[in-house]
Amino acid sequence: MRTAYSVETVRAAERELMARLPDGALMQRAAAGLAAACAELLGRVYGSRVVLLVGSGDNGGDALYAGARLARRGAGVTAVLLAPQRAHAAGLAALRRAGGSVADAAAAERLIERADLVVDGIVGIGGKGGLRPEAVPLAAAAERARAAVVAVDLPSGVDADTGEVRGAAVRADVTVTFGTHKPGLLVDPAREYAGSVRLVDIGLRPELPAEPVLEALQHADVAQLLPVPASESDKYRRGVVGVAAGSARYPGAAVLAVSGALRGGAGAVRYVGPAGDAVIARFPETLVSDRGPGRAGRVQAWVVGPGAGDDAATVAEVLAADVPVLVDADGLRLADRETVRARRAPTLMTPHAGEAAALLGVSREEVESARLASAGELAARYRATVLLKGSTTVVAGPERGRPVRVNATGTSWLATAGSGDVLSGLAGSLLAAGLSARDAGSVAAYLHGLAGRLAADGAPVGAHDVAQALPVAWRDVVRERG
């Protein structure tokens, strides 16, 4: 599992570690890891041209010491100092001793154009807002150049704690981060600026608290959470999920939600709604009822909302059930907030950015630029677990102190009509199988993203293709169990 900690926590851990180490040892560890990553990216260090963009403070010091290591291996290293009077003195001296040189900002753009590698050491993890005006032309030049760009700890101009980008920022090909991931490296829009992220161990782990602020599941974590039938399992013991979805106008939403549910691990799917004929024609194993959610038969979880139109009565009836409920699409608009807040059984809400914006009373752009804050605010308002869909899926719960989860397995090919309906059915089935709202949302997002990648493989796909690929994604993850 990838974990991320806040800037404040990282700084405190660094202080604890530095108190037990010789002066400068921690920076040397970071510089060694940074130099190794740069050398790997260059391939041939000797004769290469490296430009360091150096701000004030320790971030610039890491870049300078790494540059000195590369210079000793035969690279031509030039440091561009954005704040010459506040540059890290010892790092600058080390670079000069190794044969590196210093240039002023006026020559920077020409140097960047000729470079093989640009190292972004402008701003550290404490930076807020976008780049300062004097650094903006350098970031633009690095983006235009053919050189690979390596960010030190995180790209300058992005917010380490929130993933927000409030102005110009460096776009890196690789980010070398130290000790632990920072939340901004795992959440868009900042994640897009980070490129490939490499974590360098500097001995910080023992100083960090047990609970991170953010975590990202990986194959092994998901494999441990997936429900697997026991030898005595039958379709009812595996869990029954109810799907109340679709309408005369949107029967396909019901079909797609049921398709996701059938591939989500539950033993049976009950469908309630006006699209019963379409559902049974496509999936004859579905238990179809036209008597409403309250009289459909026993279920362990409900999915309500996809394609529901204005059927507020069905949404209210499902929310009155004493089992976990997933609310999606039209259901989000129709669900009464106080009713959701008063529920004793878990509630999982699965909005995309536009739906979340409507519920929060803000613009879609605000939600997309502050995904962590938006998901957390929505979870608090509704006392529910919120799965905020998008380029980085965020799962936030109403409980204080629990890490927010993010998922990055998705692909832009999942931005297609009906894909969210499949995700809802999948997550609802996991709820019925006994997973918590947090785990069901996280596992469903992970599998859905993998299925999207498998189905697309670089080509356009539809929601039906994604549903078809879910068993393959599931099988790939289960292999991690050995």
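## Exercises on a predicted model

An open sheet of 11 strands runs in the order β1-β9-β18-β17-β16-β15-β14-β13-β10-β11-β12, and its pairing is mixed. The model is predicted.

**Exercise 1.** Identify the edge strands of this sheet, and state how far neighbouring strands are turned against each other on average.

*Solution.* Step 1: the edge strands are β1 (2-4) and β12 (287-289), each of which pairs on one side only. Step 2: neighbouring strands are turned by 20° against each other on average, direction ignored.

**Exercise 2.** Describe how strand β14 is joined to strand β15.

*Solution.* Step 1: β14 covers residues 325-327 and β15 covers residues 347-349. Step 2: the two strands run parallel and are joined by 3 bridges. Step 3: L326 has L348 in β15 as its bridge partner.

**Exercise 3.** Classify the packing of helix α14 against helix α16, and list the residues in contact.

*Solution.* Step 1: α14 (residues 353-360) and α16 (residues 371-382) pack at an angle of about 50°, with 11 Å between their axes. Step 2: angles under 35 degrees count as roughly parallel and 65 to 115 as roughly perpendicular, and α14 and α16 are therefore oblique to each other. Step 3: the crossing of α14 past α16 is left-handed. Step 4: α14 contributes A356, L359 and L360 to the contact, while α16 contributes S374, E377, L378, R381 and Y382. Step 5: sorted by class, this contact has 5 nonpolar, 1 polar and 2 charged residues.

**Exercise 4.** Describe the span that UniProt annotates as "domain: YjeF N-terminal".

*Solution.* Step 1: the unreviewed UniProt entry places this feature at residues 10-210. Step 2: the span is 36% helix and 17% strand. Step 3: its end C-alpha atoms lie 13 Å apart.

Technical notes
Residues are numbered from 1 along each chain as its sequence is written. This is a predicted model: local features need pLDDT of at least 70, side-chain atom pairs count only at pLDDT 80 or more; totals for chains, interfaces and linings use all residues. Side-chain values use heavy atoms; hydrogens and water are left out. UniProt positions are given in the numbering used here, feature names are shortened, and annotations may be inferred rather than shown by experiment. Helices (H or I, at least four residues) and strands (E, at least two) are DSSP runs, numbered from the N terminus. Axes are lines fitted to C-alpha atoms, for helices over the stretch in contact, and angles run from 0 to 180 degrees between N-to-C directions. Angles under 35 degrees count as roughly parallel, over 145 as roughly antiparallel, 65 to 115 as roughly perpendicular and the rest as oblique. A crossing is left-handed if the near helix is turned anticlockwise from the far one by less than a right angle, and right-handed if clockwise. Contact means heavy atoms within 4.5 Å. Ala, Val, Leu, Ile, Met, Phe, Trp, Tyr, Cys and Pro count as nonpolar, Asp, Glu, Lys and Arg as charged, and the others, Gly among them, as polar. Two strands pair if DSSP finds at least two bridges between them.
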